[in-house]
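Subject: Structure handover

Hello,

Here is the structure I promised to pass on. Please open it beside this email and follow along.

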Amino acid sequence: MDLLFNKTLQVQVKCKDCDDRRTFIRVSIELQLTSNPVHRKDLVVRLTDDADLYFLYNLVISEEDFQSLKVQQGLLIDFTSFPQKFIDLLDQCIAEQDKDNPRFLLQLSSTSSALDHSPASLNVVETNAFKHLTHLSLKLLPGSDVEVKKYLAACLATVKQEKEQLQQRLRTTEEDLSRQLSYAQQTLSEKSRELDKLRSEWTSQTTSLSSRHTQDLTAEREKALEIQTKLQQQNDQLRRELEAAHQRSTQQLQVRLSELETSNRELTEKKYKSDSTIRDLKAKVLGLEEESQRAKQQVISLRRENSTLDSECHDKERLINQLQTRVAVLEQEIKDKDQLVLRTKEVLEATQQQKNSVEETSESKQLQIGKLEATVKSLSEELIKANGIIKKLQGDLKALVGKIKVKNTVTVSQEKILQETTERLQREQRELQETQQKLRLKEEEVSKLKEQLEATVQKLDESREVLKTNENVITWLNKQLNENQLSRKQEAVGMFETPQAAAGLRLGTHNMLDSKSFPSLGQPYPVTSTLNSKHSFPLSSLNTGPRSVLTLHNQSAGTKVQFNPISGKPNMPPVEVGTGGLAAQQQSSSKENGEPLGLDSKYFERRDDSIPLRGLVPSMHLNKDVTKPSANMGGVKPALQSAPSAYFPG
């Protein structure tokens, strides 16, 4: 007999007219082999209670019994693998028995009110969200008196056997412990002897070491006293030398202090003077910084405007290309729609011809119908007359009735043909109306697209005019910036060469406006203003006196900008510059300062990929209102020349 499983499990006991309770029951599974008279295997399932020795339920399952059990409960395993699968289910019950809501539960149910000598069923139940699923149900029988006695005898035999085993183990352990105790006592006596020896040795060594340490300590004390006396003598000698050196250094420092006091008085006087000069210079520097900040802000605004204009120009070019492609697509669509209109017209003409032919056929059919109606009337009259002699002419009547049926079928077929032709005609009319409606929608779309095209062309022309005027303003501002830098350079040259001369600044021939630069700044900045770009800037609005006022008025409701530069020096030496020398000094100043003059040269180069735009106003329209300068301006040309544009050539 092979014991396969023997463990205590928590089982839910269900009885009739009793509450459910949980108790611990020992489940043992054994495989019993019998060879007399036939070799066979039986599976024995036994339920016992360790607390109640009279509780015994048995179940013996043979291979034949398992086949019936397999058919009844729909099992999918064989008898050889059934014990292991049953043990696996019991292990899952053991794993889930400590939870509040176990998934696998072992139930022992009985039909009687108690488990006293009544059969019971052992169920392995799985609880899911849908239902309680019973995996296996085994019917167990209570043990008889003989089986209970055998079970108790077997339990008594196992208990006696365990008792004998425990007594034997107790004897062996007592012998081992007595042997270990005697060995420990012997080792303890040996260790106590060794400890006494070590104590005596330790006392002798401590006494010898203490005597040695006392001798060494006295010798070290004597050495320390000798060293202390030597160090004290050296310290006294060093102290005397340091006192003498300190006296000498104090005398030197007193002399130095008197000298420093005199120099300090002189320096304080110089400091007061320099503070007053610093205050004056700070006031001047603040004024100059304010002027420089204003000029820097103007330069930054100009650069921003230039960058925005450049980006707008690129966007306009991109938009023009898109509009051109859109116009080409629209033209192609218009051509396609014209072809479609022609085709619809041809289809309409064909349908009209078919309509005419159908009308003609319908008229002929109507004539035939009239004739047939007349014949029907005549036949009806003949039939009325033949009613008196009906007995004589029954055969003729039957023949006439057959003829009438044939004629009726012919008329019915003709009516069907007429209905089909009318339906076709109505269908063609509907298609004609739909094509006409589509044609009207296409014409409306074409008109809308034409209006959009005209509006976009008009906007494009306006944007071209705005770009042209903005570009002219940019060129004028660049020229003004270059002229301011050149005037600043010429003023600096005049200050170093003839500082006592007093005259105005005269520039040579150059296509720029005459304006004052800021003599107190380290870097020249142009005079800028936010104006309407469609108006010109007359030269008569500028004054070249010591306090010049640049006043630019917009003729419409635009902005009004006034600029009052304060000249740092009232009189400056005159500098005459020629046409050639002006360009050379401009280039030299830009090279010496390392600063860009005006806009970058890439904005003035002619681009190969630029798209020429037609219908623009000529670039000279801004210079028509520029008046001629007075006689004191020397060789300055009267008109502003606009530089060629990189985006709108010619």
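Start with Arg179: it is exposed, at 51% relative accessibility. Here, buried means under 20% relative accessible area, exposed means over 50%, and partly exposed lies in between (1.4 Å probe, protein chains only).

Before you go on, two notes on the source. This is a predicted model, in which local features need pLDDT of at least 70 and side-chain atom pairs count only at pLDDT 80 or more, while totals for chains, interfaces and linings use all residues. Residues are numbered from 1 along each chain as its sequence is written, and side-chain values use heavy atoms, with hydrogens and water left out.

**Salt bridges**

Arg179 has a salt-bridge partner, Asp176. Their closest N and O atoms are 3.0 Å apart. A salt bridge here is a side-chain nitrogen of Lys or Arg within 4 Å of a carboxyl oxygen of Asp or Glu. Asp176 is partly exposed, at 34%. Helices (H or I, at least four residues) and strands (E, at least two) are DSSP runs, numbered from the N terminus.

The structure holds twelve salt bridges. Here are others from helix α3.

- Glu243 meets Arg239 at 3.4 Å, N to O. They sit four residues apart in α3, about one turn of the helix. Glu243 is partly exposed at 42%, and Arg239 is partly exposed at 44%.
- Asp315 meets Arg318 at 2.9 Å, N to O. They are three residues apart in α3, again about one helical turn. Asp315 is partly exposed at 40%, and Arg318 is partly exposed at 47%.

**Strands**

Now look at the start of the chain. Strand β1 (residues 2-14) and strand β2 (residues 21-34) run antiparallel, joined by eleven bridges. Two strands pair if DSSP finds at least two bridges between them. Leu9 has Ile25 in β2 as its bridge partner. Six residues lie between the strands of this hairpin. Asp17 takes a positive phi there, near 60°.

Which strand does β2 also join through nine bridges? That is β3 (residues 40-48), and the two run antiparallel. Ser28 stands opposite Arg46 in β3.

Best wishes
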